[in-house]
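This briefing is for a reader who has not seen the structure before. Please look over the sequence and the model first, then read the points below.

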Amino acid sequence: MEFGNPILNIAIFLAFVVVTLVVVVRVSRTNTSAGDFYHGGRAFSGRQNGIAIAGDYLSAASFLGIVGAVALYGYDGLLYSVGFLVAWLVALLLVAEPLRNTGKYTMADVLSFRMRQRPVRTAAATSTLAVTFFYLLAQMAGAGALVSLLIGIEGRVGQSLVIAVVGVVMIAYVLIGGMKGTTWVQIIKAVLLITAVGVSTVWILALNGFNLSAMLGQAVDAHPEGSAILEPMLQYGTSGASKLGFVSLAIALVFGAAGLPHVLMRFYTVPTAKDARRSVVWAIALIGFFYLCTLVLGFAAAYMVGVDVIGTLPGGSNSAAPALAYALGGTVLMGIISAVAFATILAVVAGLTITASASFAHDIYNGVIKNGTADPKKEITVARRTAVVIGAVSIVGGILAAEQNVAFLVSLAFAIAASANLPSILYSLYWKRFNTRGSLWSIYGGLFSALFLITFSPVVTGSETAMIPGLDIAWFPLTNPAIVSVPLGFFLGWLGSVTSSERNDLKQAEMEVRSMTGAGAEKATVAH
């Protein structure tokens with residue numbers, strides 16, 4: 001299947017990069033402090049931050065991976081849409097406002113508030129870097145697939161070069177603009193993505209007389225599995241292990257969002273806790289609309305592009321969305337959709353990178369090495385250097401994971417976030433007995449159990465689609481570890497706390513008042 005004019009495709013993409021880089025450079029002139037670099041000086045309204053959160057959250061996995069998964073597996077592919085959306089209710093109801101009231105720059109500020117600072121900050125930073133790495137893998141894999149389709153590159157060398165270019169541009173966003181620049185890139189990208197997806201969805205429905213049943217009927221007629229695409233378990237099968245895998249994936253998706261460091265960091269970019277709540281409401285509305293659209297786009301791709309054709313495209317199922325755009329509106333629409341998807345990748349990896357670099361500089365360098373006494377300018381220098389290192393590592397990882405479905409890769413990041421971060425966050429905010437040992441056992445136990453099970457799962461070895469297909473050390477049967485690692489994270493947090501006599505009732509009372517009322521929060525956020 002040949003796709004339009006590569007020169008036009010690249011021109012549209014370059015136009016986005018140039019415009020956003022100009023915005024980042026202009027915004028960077030107002031960066032004068034550590035707070036500006038980390039949280040944009042808390043200068044964003046609830047609506048702006050909500051759009052930026054949607055931009056952060058609607059990644060390559062959401063756009064490329066889910067449309068491809070729905071096209072191939074129908075109902076089962078929609079699990080990603082439903083899981084990613086429902087996850088926001090956990091963030092809204094349990095995490096957003098208390099986290100904003102208690103913290104300053106990073107997730108570790110909250111986790112270490114009433115604990116021993118050094119060990120907890122080290123653990124939180126380690127977890128943040130692990131989650132960020134897996135999320136970056138997904139974005140880089142999506143970039144390779146997308147540009148391969150855009151300019152007709154099929155070899156691994158060409159895809160690897162593309163992934164390297166994405167990494168370099170992403171590093172530039174972070175180094176130049178900090179959180180302010182990254183947030184504006186997220187806002188621009190979110191508006192473009194939701195507009196493009198909304199217009200495409202209306203277009204497809206118009207072709208079917210705005211009759212959803214007629215569109216689903218065409219998908220059923222064209223799909224090799226027929227009406228099975230409208231029923232659950234097509235992808236996962238009906239065996240006991242398959243059903244457990246389905247449940248494990250659902251646990252990761254629903255509980256992962258509230259533990260994603262790059263999403264949690266967005267709650268610090270608004271001036272008040274009320275704005276933090278408003279941010280999440282705006283994000284839910286935009287994200288919900290987007291995921292409703294993926295239903296239409298996925299089933300439309302099944303009959304307008306064809307399941308057999310999708311399987312032969314560079315990048316496989318990740319290329320279903322741009323291929324649908326080509327079938328719908330030819331070269332121009334495909335160029336626009338592909339450029340928006342590429343913009344999505346650039347914006348998300350920039351957000352991930354600034355989160356990881358901030359965590360290392362603020363939590364490890366300042367909090368652990370310098371014991372909280374680091375010069376803010378020196379801390380920012382460390383953060384910038386860290387961003388370069390993270391960019392380089394993500395480029396290598398993205399090259400290795402280039403053939404994996406990006407929605408699936410993100411589900412692994414969600415599993416690690418739900419296992420290592422969420423138990424400690426909820427315990428810190430809501431359980432008086434929680435202490436340093438419980439926090440460390442919860443974070444490290446959840447993190448390493450998830451990583452251990454992923455290493456010995458069919459994701460890494462033992463199958464044709466594995467990252468290392470020539471090796472077979474896969475004894476854990478499920479592709480997602482959440483069904484084991486998430487309960488283990490909660491259990492270890494409880495066990496560590498009840499076996500330690502450490503208590504800090506004064507700090508716990510201060511944290512409870514601050515997280516529930518916001519009293520004293522502004523004082524903590526101004527000081528550095």
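Predicted model: local features only at pLDDT ≥ 70, side-chain atom pairs only at ≥ 80, totals over all residues.

Trp475 is exposed, because its relative accessible area of 51% is over 50%. The ring of Trp475 takes part in a tilted aromatic pair with Phe452.

**Aromatic rings**

- The structure holds 13 aromatic pairs.
- In the pair of Phe452 and Trp475, the ring centres are 5.7 Å apart and the planes make an angle of 55°.
- Phe452 belongs to helix 16 (residues 436-455), while Trp475 sits in the loop between helix 16 and helix 17 (482-498).
- These two residues are 23 residues apart, and their pair links distant parts of the chain.
- Phe452 has a relative accessible area of 42% and is therefore partly exposed.
- Elsewhere, a cluster of Tyr427, Trp431, Phe434 and Phe490 is held together by ring pairs.
- A charged residue also meets a ring: Lys507 lies over the face of Phe113, 4.6 Å from the ring centre.

**Salt bridges**

- Side chains of opposite charge can pair when their charged atoms come close.
- There are four salt bridges in the structure.
- One of them joins Arg121 to Asp109, with 2.9 Å between the closest N and O atoms.
- Because Arg121 lies in helix 7 (residues 117-151) and Asp109 in helix 6 (residues 107-111), this pair ties together parts that are 12 residues apart in sequence.
- Arg121 is buried at a relative accessible area of 10%, and Asp109 is buried at 6%.
- Arg121 also meets Asp363 in a salt bridge, at 2.6 Å from N to O.
- Asp363 is in helix 13 (residues 320-369) and Arg121 is in helix 7, so this pair ties together parts that are 242 residues apart in sequence.
- Asp363 has a relative accessible area of 1% and counts as buried.
- Salt bridges link Asp109, Arg121 and Asp363 in a network.
- Another salt bridge is formed by the side chains of Glu502 and Arg116, at 3.1 Å from N to O.
- This pair links distant parts of the chain, 386 residues apart: Glu502 is in the loop between helix 17 and helix 18 (505-517), and Arg116 is in the loop between helix 6 and helix 7.
- Glu502 is partly exposed, with a relative accessible area of 23%, and Arg116 is partly exposed at 48%.

**Nonpolar surface patch**

- Seven side chains are listed in one nonpolar patch on the surface: Val82, Val86, Leu89, Leu93, Leu94, Tyr430 and Met516.
- Together the patch residues have about 640 Å² of accessible area.
- Helix 5 (residues 78-102) gives the most to the patch, with five residues.
- Leu93 is in helix 5 and counts as exposed, with 66% relative accessibility.

**Helix 1**

- Helix 1 (residues 6-28) has 23 residues.
- From its first C-alpha to its last, helix 1 reaches 33 Å, close to the 33 Å expected at 1.5 Å a residue.
- The buried residues in helix 1 include Asn9, Phe13, Phe16, Val17 and Thr20.
- Val24, Val27 and Ser28 of helix 1 are buried as well.
- An α-helix has 3.6 residues a turn, so residues three or four places apart point the same way.

Technical notes. Residues numbered from 1 in each chain as written. Heavy atoms only, no water. Patch = residues over 30% accessible without salt bridge, like charges linked within 9 Å, V, L, I, M, F, W, Y side chains within 5 Å. Areas by Shrake-Rupley, 256 points an atom, 1.4 Å probe, with all protein chains shown as cover. Helix = DSSP H or I, 4+ residues; strand = E, 2+ residues; numbered from the N terminus. Buried < 20%, exposed > 50% of the residue type's maximum accessible area, 1.4 Å probe, protein only. Expected span 1.5 Å × (residues − 1). Phe/Tyr/Trp six-rings, centres within 6.5 Å; stacked < 30°, edge-to-face > 60°. Lys NZ or Arg CZ within 6 Å of the ring centre and 35° of its normal.
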